[in-house]
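Here is a short walk through the model for anyone meeting it for the first time. Please keep the structure open beside you as you read.

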Amino acid sequence: MKQHSVYNPATNEIVKTVDFTTEEEANKKIEKAHEAFLSWRELDAHDRSARLLKWYQLIDEHKEELAELITLENGKPYKEALGEVAYANSYIQWYEAEAKRVYGSTIPANNPNKKIITDKFPVGVVGAITPWNFPAAMIARKMAPALAAGCTIVCKPALETPLTTIRMVELAHEAGIPEDAIQYVILSGRDAGRIFTESPIVQKITFTGSTPVGKSLIKASADTVKNVTMELGGLAPVIVHKDADLELAVNQTIATKFRNSGQTCISANRIFVHQDIEEEYARLLTEKVHALKVGNGLEEDVDMGPLINEQAVEKVIDHIEDAIENGGETSQPIDQLKIGGNFLKPVVIRNANLDMKVMHEETFGPIAAIMTYDDLDEIIEVANDTEYGLAAYFFTNDYRTGFNIYNKLDYGVIGWNDGAPSAAHAPFGGFKESGYGREGGIEGIEPYLETKYLSIGNI
Ligand code: SIN
């Protein structure tokens with residue numbers, strides 16, 4: 001049996017070794033998921049909801065254990081991991097209730113002898129592929145709506161962080177969700193993508209990850225016309241206008257920029273600050289960023305853990321070096337940022353400009369790069385000048401300015417004076433190459449449902 005070791009990014013030690021799933025086993029699991037689908041979809045919505053609620057309760061009872069697993073395999077600080085478990089569980093709680101609210105409709109017919117009704121049906125077996133940055137939340141927001149809708153699901157967690165998924169699936173079984181209705185496979189992304197997209201049984205692919213991988217999954221899904229939901233990359237802009245509350249803007253920038261060491265798809269990548277307030281904003285931001293305590297996430301009072309691995313560290317260093325070559329000023333010397341292993345100190349870069357990589361490529365790391373602007377309309381155009389359209393943030397206390405920015409930004413998730421917009425009850429997803437479909441909110445169950453209509457004649 002081929003084995004896979006899961007490493008702790010804080011120590012580079014093995015946390016646990018798990019068995020890889022073979023291709024034959026994966027296909028068997030998909031077949032079993034289909035058999036389970038035939039009975040899971042027949043359960044009434046209240047019964048499915050009750051089992052999801054039990055699962056929610058079990059996760060809550062095991063939150064410390066799950067948070068520790070997240071910290072061990074992902075590196076994020078324990079208190080942040082506990083927050084992630086609550087965030088993940090809020091999706092299960094939301095969709096436990098939404099299971100009972102999958103409504104149909106009646107449509108006035110154009111003939112008195114006819115009646116038309118519409119109804120929603122689960123799409124079938126779902127193949128889910130998720131990233132390492134939120135080991136619990138990214139999988140929960142796929143598993144919960146899929147199961148609520150009456151679908152069954154086979155999950156492929158990132159190889160860096162499979163342990164949280166394994167434990168969550170065990171708890172789902174304990175809660176009474178049938179073993180074959182929710183399963184996991186331990187496979188490389190490439191193998192899982194191939195097996196899921198080639199399977200005639202899998203009806204839907206849901207993926208969170210990079211835009212290039214998303215594009216290849218969409219292409220591969222075309223052969224069997226699979227339903228897909230894609231939550232892909234981002235390059236979030238932050239616009240801090242001259243009338244903003246600076247203290248709030250700085251605190252919320254830190255919330256979006258340094259959560260999970262900057263390794264989120266909605267992390268601020270480009271910070272545009274009006275020239276009249278840049279000096280004060282940069283001073284306040286630098287002070288707070290330098291106060292962030294970096295260390296092993298299991299230690300007390302740590303604000304930022306390590307990056308996921310050495311390649312991630314190298315990519316961030318490359319963005320900083322490139323920024324320096326292009327005239328950027330770092331808040332602390334670059335040779336003092338690498339503090340061993342996968343740990344990197346957070347840094348503020350002033351004097352950023354559009355020639356820098358950080359203004360065009362997703363960094364996925366703890367750099368806050370500030371570029372000044374004078375004209376608001378021009379900077380909104382700059383903010384929109386990217387193939388990405390996931391999250392954007394802006395800070396202003398003027399409602400006219402605020403709605404003007406909101407209307408013009410081509411992004412799916414917008415935070416106005418808010419650096420933490422994500423919520424289970426709101427639709428998360430992007431415009432343009434940041435993907436399609438939404439997760440969360442009333443929208444998040446729709447991708448797992450098909451609409452059928454019935455036309456009754458001769459009444
Ligand atoms: C992500 O990074 O893809 C998700 C972030 C979130 O849900 O807030």
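Predicted model: local features only at pLDDT ≥ 70, side-chain atom pairs only at ≥ 80, totals over all residues.

1. Two strands are paired if DSSP finds at least two bridges between them.

2. Residues are numbered from 1 along each chain as its sequence is written, and side-chain values use heavy atoms, with hydrogens and water left out.

3. Inside this sheet, strand 8 (residues 202-208) and strand 9 (residues 227-231) run parallel and are joined by five bridges. Within that pairing, Phe207 is opposite Met230 of strand 9. Contact here means heavy atoms within 4.5 Å. Axes are lines fitted to C-alpha atoms, for helices over the stretch in contact, and angles run from 0 to 180 degrees between N-to-C directions.

4. How do helix 2 and helix 6 pack, and at what angle? Helix 2 (residues 45-61) makes an angle of about 130 degrees with helix 6 (residues 162-174), and their axes are 8 Å apart. The two helices are therefore oblique to each other. For these labels, angles under 35 degrees count as roughly parallel, over 145 as roughly antiparallel, 65 to 115 as roughly perpendicular and the rest as oblique. From helix 2, Trp55, Leu58 and Ile59 meet Met168, Leu171, Ala172 and Glu174 of helix 6. The contact residues comprise six nonpolar, no polar and one charged. In this grouping Ala, Val, Leu, Ile, Met, Phe, Trp, Tyr, Cys and Pro are nonpolar, Asp, Glu, Lys and Arg are charged, and the others, Gly among them, are polar.

5. Helix 6 has a further helix partner: helix 3 (residues 63-74) packs with helix 6 at about 160 degrees, their axes being 8 Å apart. This makes helix 3 roughly antiparallel to helix 6. On the helix 3 side, Glu65, Leu66, Leu69, Ile70 and Glu73 take part, meeting Pro162, Leu163, Thr164, Arg167, Met168 and Leu171 in helix 6. Seven nonpolar, one polar and three charged residues make up this contact.

6. Now turn to an open sheet of seven strands, again with mixed pairing, in the order 12-13-14-11-10-16-17. Strand 12 (329-330) and strand 17 (413-416) are its edges, each with a single partner strand, so one side of each is left without a neighbour in the sheet. Strand 10 (residues 236-240) pairs with strand 16 (residues 391-395) in the parallel sense over three bridges, and Ile239 is opposite Phe394 in strand 16. Helix 9 (residues 246-258) packs on the sheet and touches strand 10, strand 11 (268-274), strand 14 and strand 16; its direction is at about 165 degrees to that of strand 16. Helix 10 (residues 278-290) also packs on this sheet, touching strand 10, strand 11, strand 13 (347-350) and strand 14, with its direction at about 160 degrees to that of strand 13.

7. Is Ala369 buried or exposed? This residue of strand 14 (residues 367-373) has 0% relative accessibility, so Ala369 counts as buried. Buried means under 20% relative accessible area, exposed over 50% and partly exposed in between, using a 1.4 Å probe and protein chains only. Leaving aside residues up to four places away in sequence, the residues that Ala369 touches include Asn269, Ile271, Ile349 and Val358.

8. Finally, look at Asp301, in the loop between helix 10 and helix 11 (310-325). Its phi is near 65 degrees, a positive value in a residue other than glycine. Asp301 counts as exposed, at 54% relative accessibility.

Conventions: Helix = DSSP H or I, 4+ residues; strand = E, 2+ residues; numbered from the N terminus.
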